[in-house]
Amino acid sequence: MVGQGVLRECLSDPDVTQVTTVLRSSSGQKHPKLREIIHQDFTDFSALQLDADACFWCLGVTSAGTSEAEYTRITHDFTIAAARAMVQPNMTFVFVSATGAEGKAMWARVKRRTELALLAMSFKDVYLFRPGLIEPLHGIRSRTRIYNIVYPLIRPLMLLIKLVAPNSITSTEKVGRAMLNVARNGFPRTVLGNADINLAARQVA
């Protein structure tokens, strides 16, 4: 869901000249700026040409019903394999983590270990996005079935939250804009929760 939102913002931004996505199967999306790489082994990206100004790592899986080993493989191992293949001093790496990543739950421990490994790498900048509640916009739907059931049910609640506590919620659009802006302009904090994401989304160079 986040990845779809980020891709939409990148493709619509006039300053972005090319977007490369790495997928296991084609998305079917066509755009003059989009280059899709179909790649099966997400534990090894060394053969790919992935030179870019920034990497927005949005891959993720719900921990519900997922073993720790499998959750670690997808959340940590895939991320670090990609980062190692791309690490360079002129690249910004943005990792989508989650609110509560410093907690004691299994998923939080795996997320935090991934965050620390990225921070130790020699990128220009590493930013850790820890969104909480995210509103999907522009027809974007999650690939997690339960989310697509829950989101329509809680939409009235999300509208209320936006009115009374706007920094408690962000959107797929704002996450995408924020990623582009921190890659261009930097940000005073490495870890961005919903309030910081919303602020970064409004940044002007």
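Predicted model: local features only at pLDDT ≥ 70, side-chain atom pairs only at ≥ 80, totals over all residues.
Which helix holds Leu-160? The residue sits in helix H4, spanning residues 145–164; helices here are DSSP runs of H or I with at least four residues, strands are E runs of at least two, and both are numbered from the N terminus. Residues are numbered from 1 along each chain as its sequence is written, and side-chain values use heavy atoms, with hydrogens and water left out.

Leu-160 is partly exposed, at a relative accessible area of 46% (buried is under 20%, exposed over 50%, partly exposed in between, with a 1.4 Å probe and protein chains only). Together with Leu-157, Leu-163 and Val-164, Leu-160 makes up a nonpolar surface patch of about 440 Å² accessible area. Patch members have over 30% relative accessible area and no salt bridge (a Lys or Arg side-chain nitrogen within 4 Å of an Asp or Glu carboxyl oxygen); nonpolar side chains (Val, Leu, Ile, Met, Phe, Trp, Tyr) are joined within 5 Å, like charges within 9 Å.

As for the whole chain, 6 helices and 8 strands run in the order α-β-β-β-α-β-α-β-β-α-β-α-β-α. The C-alpha atoms fill a box of roughly 45 × 40 × 35 Å along the principal axes. Buried residues account for 42% of the 205 in the chain. Of the contacts (heavy atoms within 4.5 Å) with a separation of 6 or more, 62% link residues 24 or more positions apart.

Terms used: Areas by Shrake-Rupley, 256 points an atom, 1.4 Å probe, with all protein chains shown as cover.
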